[in-house]
Amino acid sequence: MRVSLYEKTIPASHASKLGAACAALLALAAGCAIQTQPRGLRPQAKPVENKPASFTFAVIGDTRPGRLVIPKDNASPSADYLKNIDAINRAEPDFTILVGDMVRGYNTRQGNLLERQWHEFDKTVARYDAPLYMVMGNHDVWDKHSYETYKKRYGAPYYSFDHKGTHFISLSSEIPGQMNRITGKQLEWLAKDLEKAKGAAHKFLFIHKPLWVDGTDYSGQGAWMKEIQPLLLKYKVDAVFAGHEHYYEPFNVQGIPCFITGGGGAELDAWPKLGGFFHFLKVSVPLKGKAKIEVVKDGKEYPSNIILKGFRRMVAGVKQSLDNGGTWILNPKKGTRVEFQFNNTFKETMQLCLEWKNGPSGNPVERIIAPQRCDVFLEPKRVKNIVFFASPITNPGDIPKLEWKLYEQGELIVKGEMSPPVARQGEFQTMKRKTKKTILKMNERARVVGGRGNWTGPKDCSANIQVVKGETGLLIVADVKDDVLAANAKRDDLNDHVEFFFDMRPETQRGKGRYDKGVFRVVATPFFATAKKDEFYFQPARAEIQGTMFRSNPIPGGYRVELFIPYDGLGKQHLQAGKAFNFDFGINDNDENGQRPSFMMWSGDKRNRWSTARFGRLRETK
Ligand SMILES: [Fe+2]
């Protein structure tokens with residue numbers, strides 16, 4: 001039996017059953033230094049040993065079981081996670097830190113399922129030979145109830161400890177009311193804790209969400225760089241570890257090595273070449289000098305640059321370019337120019353192969369687009385445009401699919417297939433013609449872009465919208481049919497509402513890229529909304545347009561929202577006041593207190609919130 005300074009980790013629930021005498025006997029039998037409290041799972045426990053020495057520890061993330069099949073399986077761990085535990089035990093670290101998402105969670109309403117999941121978790125982690133420290137993830141804590149459950153079972157949401165002269169800090173990005181932020185008491189505590197530990201030989205920090213990463217859905221980066229990063233620099237923190245994303249990726253944030261290590265056992269969400277493999281990190285801390293960080297994958301150790309820094313961002317950029325470019329507009333007279341722009345921000349040359357394949361109608365692709373195939377080298381720090389020309393078509397089924405493959409040094413990194421978007425065409429009327437004609441309709445299943453299974457027909461949710469060009473501004477009248485007017489969800493974006501999307505840039509820029517000046521979104525909450533927010537708001541926030549008016553009234557079978565945007569304010573904040581523009585609208589239909597809203601979109605899809613490529617096109621009626 002391996003002799004360790006620590007006893008084997010016994011989850012609290014099991015330890016209590018064993019009884020103190022029994023635990024002491026077990027510890028004696030193992031030849032361990034006796035400690036009556038199990039460590040690890042009780043993060044507030046005092047360290048046993050803090051004499052400076054070299055040692056190793058392991059970091060693993062996102063080990064939660066996959067989708068639940070109730071009641072057949074309430075929480076069993078994945079085979080890949082169990083393999084990782086075995087590999088960690090073979091590596092013999094002093095302890096392991098699990099950086100969150102340990103149970104499936106998100107199940108407050110399902111009886112004691114959460115307790116059962118934690119019980120299963122306790123059973124699983126009893127397999128670790130060395131102690132385990134925990135970091136709170138969003139699957140572990142997502143509301144007050146789960147937060148209280150966690151604290152009762154495992155202690156403080158954030159804490160620190162010392163081990164062999166090194167200081168360890170575990171933060172929580174999931175405290176209810178402070179999600180995705182390290183703020184308030186936690187921030188004060190962190191500053192004090194780092195000050196107290198400034199003499200430590202090494203300092204490591206752990207958090208569930210990688211808040212230093214830009215452009216993520218949790219968007220904590222601004223606050224992190226302003227409030228946390230300066231502390232990390234000041235106190236010379238050695239490295240930061242997070243999970244949440246189910247892959248491995250190394251970063252260098254102003255000289256501080258930061259890692260996403262989310263391949264502990266939950267389903268992976270990246271290609272292997274982009275870090276999508278099961279793994280954990282082994283950190284070897286020397287008495288003096290830098291710690292060595294290795295990726296352990298399939299029982300083998302690899303250097304931390306097994307994935308190169310900036311690589312994922314480069315690939316994401318290629319995907320984004322494909323997503324943003326290539327919108328087709330059906331026109332029997334004119335052809336379509338399909339253009340992509342790629343920017344290689346990475347330091348290596350990448351090779352990209354694009355190939356068009358027959359669309360759903362089966363019409364031969366060579367009659368539709370040229371060139372049919374294109375191989376290009378994307379050189380580092382260079383922007384490349386690729387242009388295709390398509391003959392005039394009217395049938396959306398003729399639009400070919402685009403297969404793409406990205407290579408680095410002849411090795412396939414990632415491949416994909418995209419169906420280019422078809423922008424819907426509409427007209428906006430002049431004020432004089434605002435009589436009977438309804439212009440933009442949204443009443444069919446094909447327009448349901450989220451929660452399609454919940455949509456039962458036009459009476460459930462549908463809309464007619466008029467966009468009218470007035471003397472002094474744009475008027476938009478949306479008549480929404482909705483059988484249940486729901487406004488009970490806590491977040492107003494989960495309640496019934498209408499979203500309008502505008503891309504008011506000049507013709508050559510429209511439909512390309514992300515949100516920018518000239519692009520904005522208006523969220524209009526109807527008359528029955530209980531949200532405390534204004535009844536409508538703009539995104540991005542800086543896009544607020546002076547003089548905008550909004551109102552909402554009941555109509556038979558639903559509600560109406562009206563929005564007036566004056567050209568004056570529009571011209572100051574945006575471009576193209578009063579000219580043709582790209583436009584879209586979406587309806588959020590919630591019948592179950594924010595549980596499962598269905599979302600309809602006139603032209604595009606859910607990506608409209610980030611990309612303008614799928615917006616519809618409006619031209620003025622003559
Ligand atoms: Fe997560």
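These legends describe close-up views of one predicted protein model.

The model is predicted, so local features need pLDDT of at least 70, side-chain atom pairs count only at pLDDT 80 or more, and totals for chains, interfaces and linings use all residues. Residue numbers start from 1 along each chain as its sequence is written.

View 1. Helices (H or I, at least four residues) and strands (E, at least two) are DSSP runs, numbered from the N terminus. Of the 622 residues, 43% are buried. A buried residue has 20 or more other C-beta atoms within 10 Å of its own, an exposed one has 12 or fewer, and a partly exposed one is in between; C-beta atoms are placed from the backbone. Take the contacts with a separation of 6 or more: residues 24 or more positions apart account for 69% of them. Contact means that the C-beta atoms of two residues, placed from the backbone, lie within 7 Å.

**View 2. Strands E4 and E5 form a hairpin.** E4 covers residues 159-163 and E5 covers residues 166-170. They pair antiparallel over five bridges. Two strands count as paired if DSSP finds at least two bridges between them. Phe 161 stands opposite Phe 168 of E5. Two residues lie between the strands, and Lys 164 takes a positive phi near 50 degrees.

**View 3. Six strands make an open sheet with mixed pairing.** The order is E3-E2-E1-E10-E11-E12. Strand E3 (132-134) and strand E12 (300-303) stand at the edges with a single partner strand each, so one side of each has no neighbour in the sheet. On average, neighbouring strands are turned by 30 degrees against each other, direction ignored. Helix H3 (residues 79-91) packs on this sheet and touches E1 (55-60), E2 (96-98), E10 and E11. The direction of H3 makes about 170 degrees with that of E1. Axes are lines fitted to C-alpha atoms, for helices over the stretch in contact, and angles run from 0 to 180 degrees between N-to-C directions. Within the sheet, E10 (residues 280-285) and E11 (residues 292-297) run antiparallel, joined by five bridges. Phe 280 stands opposite Val 296 in E11.

**View 4. The largest nonpolar core has 93 residues.** A nonpolar core is a set of buried Ala, Val, Leu, Ile, Met, Phe, Trp, Tyr and Cys residues joined through C-beta atoms within 7 Å. Val 59, Leu 205 and Phe 206 touch the most other members. Domain 2 (51-309) and domain 3 (313-418) both give residues to this core, so it lies between them. The domain bounds come from an automatic or database domain assignment. Leaving aside neighbours within four places in sequence, Leu 205 is in contact with Ile 169, Leu 171, Leu 232, Val 237 and Val 240. Another core, of 38 residues, lies apart from the largest one and includes Leu 440, Leu 570, Phe 583 and Trp 602.

**View 5. Strand E31 (residues 598-601) is covered on both faces.** Ser 598 and Met 600 are buried on one side, Phe 599 and Met 601 on the other. E31 pairs antiparallel with E22 (residues 448-450) over two bridges. Here Val 448 has Met 600 as its bridge partner. Four bridges join E31 to E30 (residues 581-589), also antiparallel. There, Asn 588 is partnered by Phe 599.

**View 6. Phe 615 lies in the loop between E31 and E32 (616-620).** Phe 615 counts as buried because it has 27 C-beta neighbours inside 10 Å. Not counting residues up to four places away in sequence, Phe 615 touches residues including Phe 501, Asp 503, Phe 583 and Asn 608.
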